[in-house]
Amino acid sequence: MANFRTHLTVAAIVSMALATTGMYAEIFEFTTAILCVIAGMIGGVLPDIDLDHSISAKHGFLIGSLITSTLIVILHVNADHGNNLAANSLMLWICSFVIIRYLLLESFSRLTVHRGIVHSVPYMAIFALLLIHGLFFGMNLTAFTSWMIGAFLFVGSMVHLLLDEIYSVNVLNLRLKKSFGTAFKFFEFSKPLQYAALYGLIGVLFIYAPPHQEFWQNLKRLIS
């Protein structure tokens with residue numbers, strides 16, 4: 001599998017390239033582009049949320065928590081211009097960091113097995129949809145911006161999974177390693193009920209997600 005630095009670097013390059021393209025096509029502005037790049041970088045290390053307590057995992061969790069907490073505060077500042085903004089933002093950053101780093105990530109690393117069901121395409125889609133819901137309903141961002149940031153998180157996670165599969169191929173000996181097929185996967189026949197639940201949750205989250213027409217229209221315009 002690729003290491004943490006490789007995942008983060010490639011995800012950053014892909015995210016910056018896509019964000020630059022989006023700005024050049026006048027689909028979104030600079031602020032949204034920055035948020036999208038941050039989301040893409042987080043997505044680039046997100047599948048390793050199921051890692052054990054290795055040094056690289058600890059560093060990755062720390063950096064991911066710092067970036068995510070900072071992103072939450074940026075969104076809060078953009079949405080709230082009331083009194084005591086600085087104090088509230090600082091408190092929000094501290095609470096976000098503690099919750100993300102020592103509750104969410106720590107629980108995932110203890111309760112999951114690396115390259116298990118978390119390390120899959122549908123699981124990453126759920127993370128992206130949850131982010132979209134949180135940004136739209138929790139941070140009061142527009143539907144288009146919420147979908148765009150969520151899409152970058154998903155793309156970053158796909159970069160991660162694809163890199164793991166690429167590193168599972170021994171090119172010199174022209175053979176596949178045992179880890180091939182354990183990263184970029186849509187389904188496991190050994191876990192039919194778990195994956196059925198994942199796809200069911202994806203359906204529910206998509207149905208109740210914010211309007212996505214503007215996002216798809218701009219995406220089609222960008223592709224064409």
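**Close-up views of a predicted model**

**View 1. The second largest pocket has a volume of about 470 Å³.** Of the 23 residues that line this pocket, Ala-151, Phe-154, Val-155, Phe-215 and Leu-219 are the closest to its centre. The elements that give two or more residues to the lining are α1 (4-24), α5 (121-138), α6 (143-166), α7 and α8 (213-223). Helix α6 gives the most, with seven residues. By class, the lining of the second largest pocket holds 20 nonpolar, three polar and no charged residues. Here Ala, Val, Leu, Ile, Met, Phe, Trp, Tyr, Cys and Pro count as nonpolar, Asp, Glu, Lys and Arg as charged, and the others, Gly among them, as polar. A pocket is an open set of points on a 1 Å grid over the protein atoms alone, where a 1.4 Å probe fits, with protein on both sides within 12 Å along at least five of seven lines; lining residues have an atom within 4 Å of a point. Its volume is the space filled by probe spheres set on the points, which are joined across faces, edges and corners.

This is a predicted model: local features need pLDDT of at least 70, side-chain atom pairs count only at pLDDT 80 or more, and totals for chains, interfaces and linings use all residues. Residues are numbered from 1 along each chain as its sequence is written, and side-chain values use heavy atoms, with hydrogens and water left out.

**View 2. Eight helices and two strands make up the elements of the protein.** From the N terminus on, they run α-α-α-α-α-α-β-β-α-α. Helices (H or I, at least four residues) and strands (E, at least two) are DSSP runs, numbered from the N terminus. Of the 224 residues in the protein, 46% are buried. Buried means under 20% relative accessible area, exposed over 50%, and partly exposed in between (1.4 Å probe, protein chains only).

**View 3. Phe-186, Phe-187, Phe-189 and Tyr-199 make a nonpolar surface patch of about 490 Å².** Phe-186 sits in the loop between β2 (175-176) and α7 (192-207). With a relative accessible area of 46%, Phe-186 is partly exposed. The areas come from the Shrake-Rupley method with a 1.4 Å probe.

**View 4. Glu-26 lies in the loop between α1 and α2 (30-45).** Have a look at the backbone here: Glu-26 has a positive phi of about 60° although it is not a glycine. Most residues other than glycine have a negative phi. Glu-26 counts as exposed, at 71% relative accessibility.

**View 5. Helix α1 contains Met-23 and Val-14.** Met-23 is partly exposed at 33%, and its C-alpha atom is separated by 7.1 Å from that of Ala-33, ten residues apart along the chain. Val-14 is partly exposed as well, at 29%. Val-14 and Gly-40 are 26 residues apart in sequence and 8.1 Å apart in space, C-alpha to C-alpha.

**View 6. Val-159 lies in helix α6, and Tyr-208 in the loop between α7 and α8.** Val-159 is buried, with a relative accessible area of 13%, whereas Tyr-208 counts as exposed at 59%. From Val-159 to Phe-184, 25 residues apart in sequence, the C-alpha to C-alpha distance is 9.6 Å. The C-alpha atoms of Tyr-208 and His-133, 75 residues apart along the chain, are separated by 8.6 Å.

Definitions and conventions: Patch = residues over 30% accessible without salt bridge, like charges linked within 9 Å, V, L, I, M, F, W, Y side chains within 5 Å. Salt bridge = Lys/Arg side-chain N within 4 Å of Asp/Glu carboxyl O.
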